[in-house]
Amino acid sequence: MKTTKEIQAIDSAHYLHPFTDHKSLAEKGARIITKSEGIYIWDSHGEKILDAMSGLWCVNIGYGRQKLVDAAAKQMQELPYYNSFFQTTNVPAVKLAERIVKLAGDNYSHVFFSSSGSESNDTNIRMVRHYWATLGQPERKVIISRKNAYHGSTMAGASLGGMSYMHEQGGLPIPDIVHIEQPYHYGLAPTQDKDAFGIEAAGWLEQKILEVGPEKIAAFIGEPVQGAGGVIIPPKTYWPEIQRICDKYNILLICDEVICGFGRLGYWFGSQLLGCKPDLMTFAKGVTSGYIPLGGVVIGKKVAKVLIEQGGDFNHGYTYSGHPVACAVALANIDILEHEGLVDNVRNETGPYLAQRFAELTHHPLVGNAESCGLVAGLALMKDKAKHIAFDELLGVGMMCRNHCFSNGLIMRAVGDRMIIAPPLVITKAQIDDMMHLINKCLDATLDELQALGLMHA
Ligand code: PXG
C-alpha cells in the first residue's frame, strides 16, 4: 500500500483532473477519498467528512448500498454488454425505459440512453433539429439557453451552458445557440417583488424569440433550479410563464433535469414541482445515484410520434446507449428510492426541515440570502447585506469559506461567493442538524478570518 504522499505524487505526475489548475494542486496534493458510508466519506488520513454535495450532486441514495453492487455483479455475469444498434435490445434497458416513462407521467412515451448529462444534451440538440427538419422546418435550429446555466462539458454541452469562462476555451459556443439572462432574483433585482420578477425574467425569453425570429427557433433549454451556477431558485411564476411563451411560439421546451431529477426537489422530476411540461427532459447523475455512469433523454409523446412515424433513421447513438449493467443498477436504485419513500420524504419531511433550518442562516452577519428547494440549497456571502454590497470577487471569499469547510469535515461547494449544498436524499433530520452545526461553524471561521484580515468590521 502506497502512502498518501506517494499517491499524490503519482496523481500529480499522471492524472489530469477535470476543471483543475494543476500547478496549484501539485503544490498541496489532491485529497484522496478512500471509503464511504451513508452521507459520509473518508480521506486517506482517516478524516470523516459529511458529504453535503452527494459526490457531485448524484449519490441520492447515499453511499454503501449493497443492492446496487449485487445488481451490477448479477448483470455482469449474465450479460455484461450488448448494444441496441442493429435491431437488438436488452432486458434491463427495456425495463428501465418503461419505468422512467411511468415516473415522468402521461406526457412521455420514450427514453434515449447515453452515459452522461453532457452526451444527453448533445442528443437533445441533434434530436430537436432533426424533429424540425422532419416537419419541413429545417431553418428552426437556434436553441435558447441562459447565462450561468450548466449543461455539460462537451462541445455542445458547454455551448448550451452559459459559463463564459468555459466559452473562452476551445472556440465556443458552437453556432445557433444564444443565451438570455438567468432568473436570479437576489442577484439581479432583490428589491423587486419576486413574482413580478419571475414574469419579467421569463419575458426575456419572448424578447429573444422575437429578436431572432420565431421561425428560426428550435427549443429553449433550462435547469428547473440551476445547480452548478450556484443554486439559483427561480420565482414560482417563472416556469409557468416560460411554458406559456414556448406554447405561444410553438417552441420545444427542454428541461435539464440532471440535478433536479430522481428526487432532488421532492418529485421524480423538478418540472413536476415547478409547473411546466417539457417536451424533453435530460437526466443523468441521480438515475444511478452515481454508482455507474448513465444518462439519457425522456421524450414527450409529441416529439416521439414525429421521430417514429416520419423521422426515419436518427443517425445518432453511443456504444453504451442502454448499457445493461448501468440500466440494471438504475433499476435497483429506483427500487430503493421507491421502497424507502425517499422522494416523498424529501417533499414532506427533510425538504421542509432543511428549508426552515437553512433560512435561519440569514441571521449570520455574512449571509445575505439563504434558500432551498427540496434538498438543494444556496446562500450568498455578502460584505454588507443591509446595503446589498457583495465582496470584491478577487478576494475569493467563497473559496475561503470552502477551505474552512474542507478542514472541518464538511463538503460544501463555493460558486463565486455563493455556498451551496445538495446532500444525499437519505439524510435524516438529526443529520441535517449536524450539517447545519458544521455550516455555522465554517461561516463563523470565515467571518473570523475576514475580520482578522481587516476586510470586515467586528
Ligand atoms: N446538466 C446539468 C444540469 C448538470 O448539472 C450536466 C448537464 C453534465 O453532466 P455530465 O454527466 O456530463 O457531467 C450537469 C453536470 C459543479 C458541477 O461544479 C456540476 C456538474 C458537473 C461537474 C461539475 O457543480 N453537473
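Visitor: Let's start with a pair of helices: is the crossing of α5 and α14 left-handed or right-handed?
Guide: Welcome! This is a predicted model, and in it α5 and α14 make a left-handed crossing.

Visitor: Which residues make that contact on the α5 side and the α14 side?
Guide: From α5 come Pro92, Ala93, Lys95, Leu96, Arg99, Ile100 and Leu103. From α14 come Pro324, Cys327, Ala328, Ala330, Leu331, Ile334, Asp335 and Glu338.

Visitor: And how many of those are nonpolar, polar or charged?
Guide: Sorted by class, the contact between α5 and α14 has 11 nonpolar residues and four charged ones, with no polar residues.

Visitor: At what angle do α5 and α14 pack?
Guide: About 40 degrees, and their axes are 8 Å apart. Helix α5 covers residues 91-104 and helix α14 covers residues 324-339. That angle makes α5 oblique to α14.

Visitor: New topic! Where does methionine 127 lie?
Guide: You'll find methionine 127 in helix α6, which spans residues 117-134.

Visitor: Is methionine 127 buried or exposed?
Guide: Methionine 127 counts as buried, because its relative accessibility is 1%, and the cut-off for buried is under 20%.

Visitor: What does methionine 127 touch, leaving out residues up to four places away in sequence?
Guide: Its contacts are Phe112, Leu280, Ile299, Leu307 and Phe314. There is also a C-alpha separation to look at: methionine 127 and histidine 316 are 189 residues apart along the chain, yet their C-alpha atoms are separated by 8.7 Å.

Visitor: You mentioned Leu307. Which residues meet where α6 and α13 come together?
Guide: Met127, His130, Tyr131 and Thr134 of α6 meet Lys302, Val303, Val306 and Leu307 of α13. By class, that contact has five nonpolar, two polar and one charged residues.

Visitor: How do the axes of α6 and α13 cross?
Guide: They cross at roughly 65 degrees and come within 10 Å; helix α13 covers residues 301-309. The crossing of α6 and α13 is left-handed.

Visitor: Zooming out, what domains is the protein chain divided into?
Guide: Domain 1 takes in 31-61 + 341-452, and domain 2 takes in 67-339.

Visitor: How many residues does each domain put into the contact?
Guide: The contact takes 33 residues from domain 1 and 33 residues from domain 2.

Visitor: Last one: what distance separates their centres?
Guide: Taken over C-alpha atoms, the centres of domain 1 and domain 2 are separated by 26 Å.

Conventions. Residues are numbered from 1 along each chain as its sequence is written. This is a predicted model: local features need pLDDT of at least 70, side-chain atom pairs count only at pLDDT 80 or more; totals for chains, interfaces and linings use all residues. Side-chain values use heavy atoms; hydrogens and water are left out. Helices (H or I, at least four residues) and strands (E, at least two) are DSSP runs, numbered from the N terminus. Buried means under 20% relative accessible area, exposed over 50%, partly exposed in between (1.4 Å probe, protein chains only). Contact means heavy atoms within 4.5 Å. Axes are lines fitted to C-alpha atoms, for helices over the stretch in contact, and angles run from 0 to 180 degrees between N-to-C directions. Angles under 35 degrees count as roughly parallel, over 145 as roughly antiparallel, 65 to 115 as roughly perpendicular and the rest as oblique. A crossing is left-handed if the near helix is turned anticlockwise from the far one by less than a right angle, and right-handed if clockwise. Ala, Val, Leu, Ile, Met, Phe, Trp, Tyr, Cys and Pro count as nonpolar, Asp, Glu, Lys and Arg as charged, and the others, Gly among them, as polar. Domain bounds come from an automatic or database domain assignment.
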